[in-house]
Amino acid sequence: MPVPLYEFQCKQCGAKDEVFTRTVQSDPKPPACPNLKSGGEHQMRRIVSMFARHLTVADQLAEAEAKWGKEVDAAMGPEPDVGKYARRYGELAKNLPGPDDL
Ligand SMILES: [Zn+2]
């Protein structure tokens with residue numbers, strides 16, 4: 001499993017930092033700028049890693065998910081819990097009258 005990698009660059013000083021996450025996040029939290037101790041306000045913004053761009057399909061999907069995940073989720077709504085429905089139908093089937101009850 002590829003680990004989602006998010007790369008950030010400071011708007012003010014250009015310092016870069018990387019964030020690894022366990023799961024794909026549509027809105028990863030930016031790290032603090034490594035040069036922040038020098039004072040002032042440093043804002044880290046997400047950049048696309050040159051390496052990640054050419055890695056695997058999974059990475060590209062992760063990137064697309066990060067970019068568009070929120071919009072897609074909003075458009076599609078929550079994914080139905082198939083397992084829950086399957087269990088529910090299993091229960092209902094058990095309560096149906098069998099051939100001997102008719
Ligand atoms: Zn900075």
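In which sense do strand 1 and strand 2 pair, and over how many bridges? Strand 1 and strand 2 pair in the antiparallel sense, over five bridges, where two strands are said to pair if DSSP finds at least two bridges between them. This is a predicted model, in which local features need pLDDT of at least 70 and side-chain atom pairs count only at pLDDT 80 or more, whereas totals for chains, interfaces and linings use all residues. Residues are numbered from 1 along each chain as its sequence is written.

**Overall composition**

- The protein chain has three helices and three strands, both taken as DSSP runs numbered from the N terminus, with helices being H or I over at least four residues and strands being E over at least two.
- Read from the N terminus on, the elements of the protein chain follow the order β-β-β-α-α-α.
- Of the 102 residues in the protein chain, 7% count as buried; a residue is buried if 20 or more other C-beta atoms lie within 10 Å of its own, exposed if 12 or fewer, and partly exposed in between, with C-beta atoms placed from the backbone.

- Three strands form an open sheet in the order 2-1-3, with antiparallel pairing, and its edge strands, each of which pairs on one side only, are strand 2 (16-20) and strand 3 (44-47).
- Neighbouring strands of this sheet are turned by 35° against each other on average, direction ignored, with axes being lines fitted to C-alpha atoms and angles running from 0 to 180 degrees between N-to-C directions.
- Towards strand 2, Q9 stands opposite K16 and E7 stands opposite E18.
- The hairpin of strand 1 and strand 2 has five residues between the strands, and G14 takes a positive phi near 85° there.
- Strand 1 and strand 3 pair in the antiparallel sense over four bridges; F8 stands opposite R46 in strand 3, and C10 stands opposite M44 in strand 3.

**The nonpolar core**

- The largest nonpolar core is made up of five residues, Y6, F8, C10, C33 and M44, such a core being a set of buried Ala, Val, Leu, Ile, Met, Phe, Trp, Tyr and Cys residues joined through C-beta atoms within 7 Å.
- Strand 1 (residues 5-10) gives the most to this core, with three residues; the covered face of strand 1 consists of Y6, F8 and C10, while L5, E7 and Q9 form the uncovered one.
- Leaving aside residues up to four places away in sequence, C10 touches A15, C33, N35, H42, Q43 and M44, a contact meaning that the C-beta atoms of two residues, placed from the backbone, lie within 7 Å.

**W68 in helix 2**

- W68 is found in helix 2 (residues 57-76), and W68 is exposed because 12 other C-beta atoms lie within 10 Å.
- The C-alpha atoms of W68 and S26 are separated by 7.4 Å, although these residues are 42 residues apart along the chain.

**Confidence**

- The protein chain averages a pLDDT of 76, and 77% of the residues score at least 70, pLDDT being the predictor's confidence in each residue, from 0 to 100.
- Within the protein chain, confidence is highest in strand 3, at 90, and lowest in helix 1 (residues 50-53), at a mean of 51.
- Where pLDDT is low, the predicted coordinates should not be read in detail.
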